[in-house]
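User: Hi! Could you walk me through this structure before I set anything up?

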Amino acid sequence: MGMTGSAALPLQETTAGAVMLAGDFLRPMQVTIDDLRQHASVTADPFDLRCYTTNRFIRKVDQYRGVLLKDLIDMAGLRNDRPGDFKRTIFIVHAHDGYAVTFSWHELFNTPIGERVLVAFERGDQPLSVDEGAPILFSAADILPAPRHVKRLAGVVARVLEL
Ligand SMILES: Nc1nc2c(c(=O)[nH]1)N[C@H]1C(S)=C(S)[C@@H](COP(=O)(O)O)O[C@H]1N2
Ligand SMILES: [Mo]
């Protein structure tokens, strides 16, 4: 919207910035960046982005503001077909380029890590655009922050694991 020659583009723009919650949720849904902005949010301290594989320092990153991943999961609701299924549930967080990382239910809901995993829509008090990689998922309590700093977040898939 508001861009030149955008007649055929609004659907793409919506899709590009939206996060799909799919898989073993009660209410699979799409959350747009505007939805995120309306929601209660938290901030993460500025940090050094550093790769796990190479330990390479990438750059300093200013303070993010975003919605807790576990709040989005609560919105979509977890199925619990058999008692305790939620304890075997994992979340696959994936980006538009196919990059993907995991979280467990325990990690998000029963450890301090979950209090610091956010889906960011603002950096350094400035709105983040899709071109800048929004929405970005960031796990602020990780030892090496780059792997679970997922740019161009596309969706979250919930899976109840079987033995
Ligand atoms: N969408 C997406 N996010 C990603 C990755 C990726 O390949 N795709 N790589 C991760 C890894 S392993 C690193 S080291 C950093 C690299 O950050 P940069 O591409 O901004 O240098 O991004 C992280 N986030
Ligand atoms: Mo990395």
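This is a predicted model: local features need pLDDT of at least 70, side-chain atom pairs count only at pLDDT 80 or more; totals for chains, interfaces and linings use all residues.

User: Great, ligand first. Which residues surround ligand 1?

Analyst: The shell consists of Cys51, Ile58, Ala95, Asp97, Tyr99, Ala146, Pro147, His149, Val150, Lys151 and Arg152.

User: And by class, how many are nonpolar, polar and charged in that shell?

Analyst: Seven are nonpolar, one is polar and three are charged.

User: Arg152 is on that list. Where is Arg152 found?

Analyst: Arg152 sits in the loop between strand E12 (149–150) and strand E13 (153–160). Its phi is positive, about 50 degrees, although Arg152 is not a glycine. For context, most residues other than glycine have a negative phi.

User: Is Arg152 exposed or partly exposed?

Analyst: Arg152 counts as partly exposed, because it has 19 C-beta neighbours inside 10 Å, and a residue needs 20 or more to be buried.

User: Okay, switching to the core. Which residues touch the most other members of the largest nonpolar core?

Analyst: Those are Leu118 and Val119, in a core of 34 residues. Strand E9 (residues 117–123) gives the most to this core, with five residues.

User: What is Leu118 in contact with, if I skip its neighbours within four places in sequence?

Analyst: The contacts are Val42, Ala44, Tyr64, Gly66, Val67, Leu68, Leu69 and Phe138.

User: Which residues stand opposite Tyr64?

Analyst: In E9, the bridge partner of Tyr64 is Arg123, while Ala44 stands opposite Tyr64 too.

User: Nice. Which residues does UniProt list for the domain?

Analyst: The UniProt entry, which is unreviewed, lists residues 19–137 for "domain: Oxidoreductase molybdopterin-binding". In this model the end C-alpha atoms of that span lie 10 Å apart, and the span is 17% helix and 40% strand.

User: What's the phi of Asn55 in the hairpin of E4 and E5?

Analyst: Asn55 takes a positive phi near 60 degrees, and that hairpin has six residues between its strands. E4 and strand E5 (residues 57–61) run antiparallel and are joined by four bridges. One of the facing pairs is Leu49 with Arg59 in E5.

User: Which strand does Asp48 lie in?

Analyst: Asp48 lies in strand E4 (residues 47–50). Asp48 counts as exposed because 12 other C-beta atoms lie within 10 Å. Beyond its neighbours within four places in sequence, Asp48 is in contact with Phe57 and Lys60.

User: Last topic: is Val156 buried or exposed?

Analyst: Val156 is buried, because 23 other C-beta atoms lie within 10 Å. Val156 is in strand E13, and its contacts, not counting residues up to four places away in sequence, are Val19, Leu21, Phe91 and Val93. From Val156 to Gly23 the C-alpha distance is 8.3 Å, and they are 133 residues apart in sequence.

User: And what about Val157, which residues is it in contact with?

Analyst: Leaving aside neighbours within four places in sequence, Val157 is in contact with Ala22, Gly23 and Ile92. Val157 is also in strand E13, and it is partly exposed because 18 other C-beta atoms lie within 10 Å. In general, side chains in a regular strand alternate between the two faces of the sheet.

Key
Residues are numbered from 1 along each chain as its sequence is written. Chains are lettered from A and ligands numbered from 1 in the order in which they are written. A residue is near a molecule or strand if its C-beta atom, placed from the backbone, lies within 6 Å of it. Ala, Val, Leu, Ile, Met, Phe, Trp, Tyr, Cys and Pro count as nonpolar, Asp, Glu, Lys and Arg as charged, and the others, Gly among them, as polar. A nonpolar core is a set of buried Ala, Val, Leu, Ile, Met, Phe, Trp, Tyr and Cys residues joined through C-beta atoms within 7 Å. Helices (H or I, at least four residues) and strands (E, at least two) are DSSP runs, numbered from the N terminus. Two residues are in contact if their C-beta atoms, placed from the backbone, lie within 7 Å. UniProt positions are given in the numbering used here, feature names are shortened, and annotations may be inferred rather than shown by experiment. Two strands pair if DSSP finds at least two bridges between them.
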